[in-house]
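Subject: The structure, and what turned up in it

Hi,

Here is the structure I promised to pass on. Have a look at it first, and my notes follow below.

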Amino acid sequence: MTSTIDLNCDLGESFGPWEMGNDAAMIELATSVNVACGFHAGDADIMRHTVELAKARGVSVGAHPGYRDLHGFGRRPVPGLKSSEIENLVAYQIGALQAIATAAGHKVTHVKAHGALSNVACEDDMTAKAIASAIKAVDPSLVFVVLANSKLVRAGEAANLRMAHEVFADRAYEDDGNLVSRKKPGAVLHDPKAIADRVVRMVQDGAVVSVTGKVIKMQTDTVCIHGDTRGAVEIARGVREALKTAGITVAPFTTAH
């Protein structure tokens, strides 16, 4: 049984005057945050503000690179990209956040691919390897946050990167361990109590339960709660309280594998 778990949240996804989620409230509940780097969401000012919020709270900051697709929020695949192009777009976004974090007196500690880029990489070796190669080329000390049991894990191992294996609090799983497509009903979960109970079981059992009831063993280093999920703050608060009641410590993944 895991006695310590990280809670991560995807933040910094506003753009200009348009706001997405409640970043200030979520940062109070998360132990690490993944900051949009301007390709699927966010901009330089939003990135700086998010990093400053995280620094003030003592929360770890990671880059959250995605496809260059503001209109689709990075949730649409971009077919036809070469490995070098994927590596460059990931490296570019990591570098952007590193510069902003340095200017704010904070440091980037990890990288987690966003949306469609992550979904494609979970099933496509080339994309997974390109993401891992970009991280290694920019800074091999960065922790690679990977969907547990996916091809991202194998790519991280091949690149000799430290990894934090991730499970999702507010997303349903298919029998193969991949996330249910957001195009399908029930892909995103919203009931705070059910989600909190589910997360405690995930952490205690080192496993997730698929939509058909299949139990899938997964290494669990970090649990994601999406900042744009309806009721995200209530969900995160419920998860933290449930973990505390279960005797599970919430802390950053400083000992990622």
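Is Leu-70 buried, partly exposed or exposed? Leu-70 comes out as partly exposed, because its relative accessible area is 39%; buried here means under 20% relative accessible area, exposed means over 50%, and partly exposed is in between, with a 1.4 Å probe and protein chains only.

Before you read on, please note that this is a predicted model, in which local features need pLDDT of at least 70 and side-chain atom pairs count only at pLDDT 80 or more, while totals for chains, interfaces and linings use all residues. Residues are numbered from 1 along each chain as its sequence is written, and side-chain values use heavy atoms, with hydrogens and water left out.

**Surface patch**

Leu-70 sits in the loop between strand E3 (60-64) and helix H3 (83-103). Helices (H or I, at least four residues) and strands (E, at least two) are DSSP runs, numbered from the N terminus. Together with Phe-15 and Trp-18, Leu-70 makes a nonpolar surface patch of about 310 Å². Patches are built from residues with over 30% relative accessible area and no salt bridge, joining like charges within 9 Å and nonpolar side chains (Val, Leu, Ile, Met, Phe, Trp, Tyr) within 5 Å. The areas come from the Shrake-Rupley method with a 1.4 Å probe, and for residues only the protein chains shown count as cover.

**Salt bridges**

Side chains of opposite charge can pair when their charged atoms come close. The rule used is a side-chain nitrogen of Lys or Arg within 4 Å of a carboxyl oxygen of Asp or Glu, and the count by this rule is nine salt bridges. Here are some to look up:

- Arg-57 pairs with Glu-28, with the closest N and O atoms 3.4 Å apart. This pair links distant parts of the chain, 29 residues apart: Arg-57 is in helix H2 (residues 44-57), and Glu-28 is in the loop between helix H1 (23-27) and strand E2 (32-36). Arg-57 is partly exposed at 30% relative accessible area, and Glu-28 is partly exposed at 48%.
- Glu-166 pairs with Lys-112, and their closest N and O atoms are 2.7 Å apart.
- Lys-193 meets Asp-197 at 2.7 Å, N to O. Both lie in helix H7, four residues apart, which is about one turn of the helix. Lys-193 is exposed at 55% relative accessible area, whereas Asp-197 is partly exposed at 31%.

How much space lies in the largest pocket? About 620 Å³. Of the 29 residues that line the largest pocket, Gly-115, Ala-116, Asn-119, Arg-171 and Leu-179 are the closest to its centre. Helix H4 (115-123), E5 and E6 are the elements that give two or more residues to this lining, and H4 gives the most, with seven. By class, the lining has 12 nonpolar, eight polar and nine charged residues.

The second largest pocket holds about 230 Å³ of space. It has 13 lining residues, and those closest to its centre are Arg-198, Arg-201, Val-208, Val-209 and Ser-210. Helix H7 (192-205) and strand E7 (207-209) each supply at least two lining residues of the second largest pocket, with H7 giving the most, at four. Its lining divides into nine nonpolar, one polar and three charged residues.

A word on the terms. On a 1 Å grid over the protein atoms alone, a pocket is an open set of points where a 1.4 Å probe fits, with protein on both sides within 12 Å along at least five of seven lines, and lining residues have an atom within 4 Å of a point. Grid points are joined across faces, edges and corners, and a volume is the space filled by probe spheres set on the points. Ala, Val, Leu, Ile, Met, Phe, Trp, Tyr, Cys and Pro count as nonpolar, Asp, Glu, Lys and Arg as charged, and the others, Gly among them, as polar.

**Backbone**

Asn-149, in the loop between strand E5 (143-147) and helix H6 (151-158), has a positive phi near 70°.

Cheers
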